[in-house]
Amino acid sequence: MIGTSQRRCKTTWCSWAFVALAVAITLAASSSSAADYKAALLLPGSINDQSWNADGYAGLTKIKELGFETAYTENVDAADHVDAMRDYARRGFNIIIGHSGRFLTAEERVGAEFPNVQFITAAGSAGFGKNVSSIDFNNRHFACLIGYLAAKMSKTGKIGGVYGLEGLPTTIDHVGSFRICAKKARPNIQVTVLYISDMEDAASAKEAAFSLIAAGADVVAGQLNAAQTGLIQAAKEKNVFVTGRSYGQTAISPENVLTNIIEKWPEMYAAAAEDVKAGKLSGAFRVYGLDTPDATGAALGYLPDVPYNKAVPASVIAELDDVKQQIASGAIKIEPTREDARGGR
Amino acid sequence: MDSAVLDFLAATIRIATPLMLAAMGGIISERAGVFAVGLEGMMLAGAFGAAAGTFLTGSTAIGIASSIGCGALVGLTVAVVAVRFRADQMVTGLAANALVAGLTSFLLRGVIGHGRTPVIHTALLDPWPVPGLSAIPVIGSLLFQQPPLTYLAFTATVPLYWFLVNSHAGLLLRAAGENPAAAYSVGANPAKIRTVATIAGAAITGLGGAVLVLQQVGTFSDGMTGGRGFLALAAIIVGRWMPFGTMAACLVFGAAEAMHLWVQVLGLPVSSYIVQMLPYLLALAVLAAWGRSVVMPAAIGVAYGDPDRS
């Protein structure tokens, strides 16, 4: 009896040792073949959304072209933010990017534990310490242009927007600027903003757009993830104008999409990655916009090289160019408040 | 009728349709004695099936068939684990939800995207106007110019009610959920009934997912059901496990969801977070008020093995 159990123990011990050996060999093999620099991307949704998450993945692809080994995790729930980051940091990644302002709290926490790793929050709103930074395109600038365009294109005098994450600093910037500039374009325009709870739920975004359209809106804007498709579908069915977030959304309904905010995450991520390669860590919050001409962070685009739908008159395009210049020169300053970003009218 | 009211009712019907199909499937399963906690997963599988089937073949008919098949497959899994092997039904249902969430994401990338995350678009089902009836002012456009699965969701309640209440097979199904030993004593096989009911219910629930893809958004995204399966589950309880009551509950939930949008459209000074809670708050309130007085199938959740087998 005793002999058997001892033999069993030894067998177990042996198999564990074998497993450990196998793991060690795998680790050694993988670390010897690894690139010098590694970057990881955590995404709140899935990279096929033709929207926010697709932009982030394009950014990671750009980092890969710079010689980094890259990895990514999709659909990271809030409860897993910290663990996912720690995991990548322990595995020797030099850059860990959370592709949403939602990751900022976790980055601040984990960043303090791994001072040699560069943490980046996309669309964050602050930097911490020496290695936790935020980068973003200037939501104010581009949402302003969309608001201006939407107001100019409306025949009914009513426009709407569907957004998520009410109250987040970037959301206030985006939605507030949309409303402020729509009013700048047409003081008597009626702007209705709807907040929905799930940036990935296309069916509920579509319903939100339908209710805006039913209330008279003939231009619908928005800044959602997978749910953005719902806005485009609603505009297509009811034949109103809409703005999107990728050229792919133009393809869904070329007649109805006025333009898209094309975010240049590849450009912004590449700049951050180059810094890390040069040995520079950052704890700053960097915003790219019309006033940073070397890298504007985003641009309006209907198709590559075509900024607007042909339905947009030349006079409106000229006005938009003028607004752009005034934003770039600082002649127009947009400072949205919580009130400007309120839900409803 | 005011056009705003019409728009509101139309939104209510659109939001309620996927819930109704999911809930009808859930009734069949719960009446037979198997908790329908896996509705969310069955619905998501149905959505995936509809998107993949339509995308790969170009035929919405095959897409619909595939949504039924994918839903049924999840039902089969639940039935094998919970009925044949008598595992805890709550845990099995939750595990099925997690399994489907991961599996659909994986299959989307692995099978359709060949390793990448693909973007897929499907055509939407056109409305089928009912000849004659669709010309009725007001009601015609609201009720008789709907896409096919919406008609199915509304009309399915009638045969389901008849089946449960008046048919012999329905009586045996309810017996399997109320008192399986009694059902066994009259020669029925409760384990078999539960298995068939779970699979059939899951197939119908899968159609609820097809509504989201083929009538609403025309694409598949990860976790796109967004908790609708759980709302359908609540509707079953509120509707007292009967088709018409459950249909009414789904419509009330749909109305609450539509209301959340309209409160914002009308610019009432309430935080969107508060308004977004409304449908769920309503469900909780109804459950708290009625939940206890409702008689749920007596043997639901209680494993009943096949005495001949064990």
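This report walks through a sheet in chain A and a surface patch in chain B. Please keep in mind that the model is predicted.

**The sheet in chain A**

Let us start with the strands. Six of them form an open sheet in chain A, and their order is β7-β6-β8-β9-β10-β12. The pairing in this sheet is mixed. At the edges sit β7 and β12 of chain A, each of which pairs on one side only. On average, neighbouring strands of the sheet are turned by 20 degrees against each other, direction ignored.

| Element | Residues |
|---|---|
| β7 (chain A) | residues 190-195 |
| β12 (chain A) | residues 298-301 |
| β10 (chain A) | residues 257-263 |
| α7 (chain A) | residues 202-214 |

How do β10 and β12 of chain A meet? They pair in the antiparallel sense, over four bridges. Here A:Ile262 stands opposite A:Ala299, which belongs to β12(A).

**The patch in chain B**

Now turn to the surface of chain B. A nonpolar patch there includes B:Met259, B:Leu268, B:Ile274 and B:Leu284, and the residues of the patch together have about 790 Å² of accessible area. Which helix gives the most to the nonpolar patch? That is α13 of chain B (residues 272-290), with five residues.

B:Leu268 lies in the loop between α12 and α13 of chain B. With a relative accessible area of 44%, B:Leu268 is partly exposed.

Technical notes:
Residues numbered from 1 in each chain as written. Chains lettered and ligands numbered in written order. Predicted model: local features only at pLDDT ≥ 70, side-chain atom pairs only at ≥ 80, totals over all residues. Heavy atoms only, no water. Pairing = 2+ DSSP bridges. Helix = DSSP H or I, 4+ residues; strand = E, 2+ residues; numbered from the N terminus. Axes fitted to C-alpha atoms, helices over the stretch in contact; angles between N-to-C directions. Contact = heavy atoms within 4.5 Å. Patch = residues over 30% accessible without salt bridge, like charges linked within 9 Å, V, L, I, M, F, W, Y side chains within 5 Å. Areas by Shrake-Rupley, 256 points an atom, 1.4 Å probe, with all protein chains shown as cover. Salt bridge = Lys/Arg side-chain N within 4 Å of Asp/Glu carboxyl O. Buried < 20%, exposed > 50% of the residue type's maximum accessible area, 1.4 Å probe, protein only.
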